[in-house]
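Thanks for coming, everyone. Please look at the structure while I talk.

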Amino acid sequence: MLNSLKPMPPDPLLGVTEAFRADPSRDKVDLGVGVYRDASGITPIPRAVRAAEQKMLARQNTKAYVGPGGNRQFAAAMEKIALGASHPALRDGRVATLPSTGGTGALRLAAELIRLAGAGAAIKVSDPTWANHVPVMKGAGLETATYPYYDIAGGRVLAAQMLENLAGCAPGSVVLLHGSCHNPTGADPDPGHWAELADLMARRQLVPLVDMAYQGLGRGLDADAAGLRLLCERLPEVLVAVSCSKNFGLYRERVGAVMCVTESAATAAITMGHLQSLARRNYSMPPDHGEAIVAEIASDPALYADWQKELDDMRDRVNGLRKSLATALRSELGSGRFDFIEQQAGMFSMLGLSKAAVERLRSEHHVYTAPDSRLNVAGLSGKEIPAVARAIAAVSRD
Ligand SMILES: Cc1ncc(COP(=O)(O)O)c(C=O)c1O
């Protein structure tokens with residue numbers, strides 16, 4: 001049976017990692033990875049996570065199943081972080097939240113729920129979007145289509161084109177939005193644009209699926225959730241996929257949650273039953289280890305404050321690197337062509353370079369970006385910024 005399988009095509013991003021490893025240059029810089037790194041090149045375990053894990057393990061006396069609903073303290077904490085503690089939907093019991101295997105697991109559960117609920121039209125994703133969005137949606141049996149999102153030459157969101165495109169969607173269509181820190185572009189809608197989007201979605205009866213993978217890494221925990229919260233105010237139904245990979249540094253523990261804001265407590269209960277059933281027929285029950293760590297942090301004011309402080313520091317570091325890189329590029333090129341790097345948010349920006357320029361960056365300057373010229377700003381340690389700016393300037397002059 002398995003002999004009939006054809007080999008998978010190589011993953012373009014893994015190819016970058018392999019090429020980086022094989023490069024003997026001592027000056028090489030890896031800006032292709034999708035994880036946060038500190039100034040010493042490490043993806044750190046936050047202090048609060050270390051402390052909470054120890055506390056949690058010291059208390060835990062069984063590894064028996066938690067139950068089909070997973071860690072409920074964690075679910076409640078995620079609801080508050082994403083929606084805000086005083087969100088009326090929480091008070092009214094209108095939110096169904098199931099812990100998931102990371103943000104990707106949340107997206108997959110959301111996609112399966114959308115399919116189950118019979119949303120007829122293709123799910124709309126931004127052009128461009130995170131490389132795994134379309135495979136996850138298609139893997140759940142959904143069709144996908146794109147809406148225009150990014151002006152690569154201008155480094156800005158194509159707000160008018162996006163709204164015009166979404167205005168043509170059939171009522172009931174699902175639109176996948178990035179809550180903040182858009183991956184791969186780093187360009188987020190501004191508050192006015194979110195408001196227009198919310199109006200349009202209410203008018204056209206569209207359903208948002210908000211992917212919240214970087215909350216706190218762009219402009220702040222609340223600021224990064226402002227668009228999502230606005231949608232929740234204006235629309236009867238909002239689906240959310242949250243991830244604790246980046247903001248809690250829990251990448252390998254696979255911690256996330258799918259959250260459905262519904263019209264009534266009765267619908268939330270039915271939705272919860274379906275989410276649990278979707279998980280049950282796939283892997284039975286949500287994981288707990290990473291979820292329990294987050295729940296421990298959320299229940300301890302000192303740990304929670306320390307987590308927020310470290311997240312603020314991570315964000316400040318990324319924003320500082322953005323500013324330094326944009327400034328260095330401005331002085332190299334004598335133009336503001338890459339000023340957008342400073343204005344954008346989160347770990348990523350797209351340089352808008354040709355494939356040939358991306359290749360030259362690697363072969364001549366040992367600077368590795370993703371094939372689409374996405375760079376992870378958090379991959380910079382800081383001291384190599386002048387050399388990276390010189391390299392980008394050199395390949396972008398031609
Ligand atoms: C936009 C976006 N969504 C979701 C995820 C999923 O994160 P995870 O499954 O690791 O929690 C990522 C991770 O890179 C991402 O960039």
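This is a predicted model: local features need pLDDT of at least 70, side-chain atom pairs count only at pLDDT 80 or more; totals for chains, interfaces and linings use all residues.

Helix α13, residues 301-333, packs against helix α16, residues 385-396, at an angle of about 50°, and their axes are 9 Å apart. That angle makes α13 oblique to α16. The crossing of these two helices is right-handed.

Which residues make the contact between α13 and α16? On the α13 side they are S324, L325, A328, L329, E332 and L333. On the α16 side they are I385, P386, V388, A389, R390, I392 and A393. Sorted by class, this contact of α13 with α16 has 10 nonpolar residues, 1 polar and 2 charged.

Next pair. Helix α3, residues 72-83, and helix α12, residues 289-298, pack with their axes 8 Å apart and at an angle of about 60°. So α3 and α12 are also oblique to each other. Is their crossing left-handed or right-handed? For α3 and α12 it is left-handed. From α3, the contact takes in Q73, F74 and A77. From α12, it takes in E291, A292, V294, A295 and A298. The classes in this contact of α3 with α12 are 6 nonpolar, 1 polar and 1 charged.

α5 passes α11 in a right-handed crossing. The residues in contact are L109, E112, L113 and L116 of α5, together with H274, L275, L278 and A279 of α11. By class, the contact of α5 with α11 has 6 nonpolar residues, 1 polar and 1 charged.

Keep α5 in view, please, as we turn to the ligand. How many residues surround the ligand? There are 13, and the closest are G102, G103, T104, A213 and S243. Helix α5, which covers residues 102-117, gives the largest share of that shell, with 3 residues. What classes of residue make up the shell around the ligand? The shell has 9 polar residues, 3 nonpolar and 1 charged.

Now step back to the whole chain. The protein chain has 16 helices and 13 strands. Its radius of gyration is 21 Å, close to the 21 Å that the globule rule gives for 398 residues, so the chain is as compact as a globular protein of that length. Along its principal axes, the C-alpha trace of the protein chain spans about 60 × 55 × 55 Å.

Two peptide bonds to point out are cis. One runs from D127 to P128, with omega near 5°. P128 sits in the loop between β3, residues 123-127, and α6, residues 133-139. Another cis peptide bond joins N183 and P184, and its omega is about 20°. Where is P184? You will find P184 in the loop between β7, residues 174-178, and α8, residues 191-204.

There is also H366, which has a positive phi of about 60° although this residue is not a glycine. H366 lies in the loop between α15, residues 355-365, and β12, residues 367-368.

That is everything I have for today.

Definitions and conventions: Residues are numbered from 1 along each chain as its sequence is written. Axes are lines fitted to C-alpha atoms, for helices over the stretch in contact, and angles run from 0 to 180 degrees between N-to-C directions. Helices (H or I, at least four residues) and strands (E, at least two) are DSSP runs, numbered from the N terminus. Angles under 35 degrees count as roughly parallel, over 145 as roughly antiparallel, 65 to 115 as roughly perpendicular and the rest as oblique. A crossing is left-handed if the near helix is turned anticlockwise from the far one by less than a right angle, and right-handed if clockwise. Two residues are in contact if their C-beta atoms, placed from the backbone, lie within 7 Å. Ala, Val, Leu, Ile, Met, Phe, Trp, Tyr, Cys and Pro count as nonpolar, Asp, Glu, Lys and Arg as charged, and the others, Gly among them, as polar. A residue is near a molecule or strand if its C-beta atom, placed from the backbone, lies within 6 Å of it. The radius of gyration is taken over C-alpha atoms; the globule rule is 2.2 Å times the number of residues to the power 0.38.
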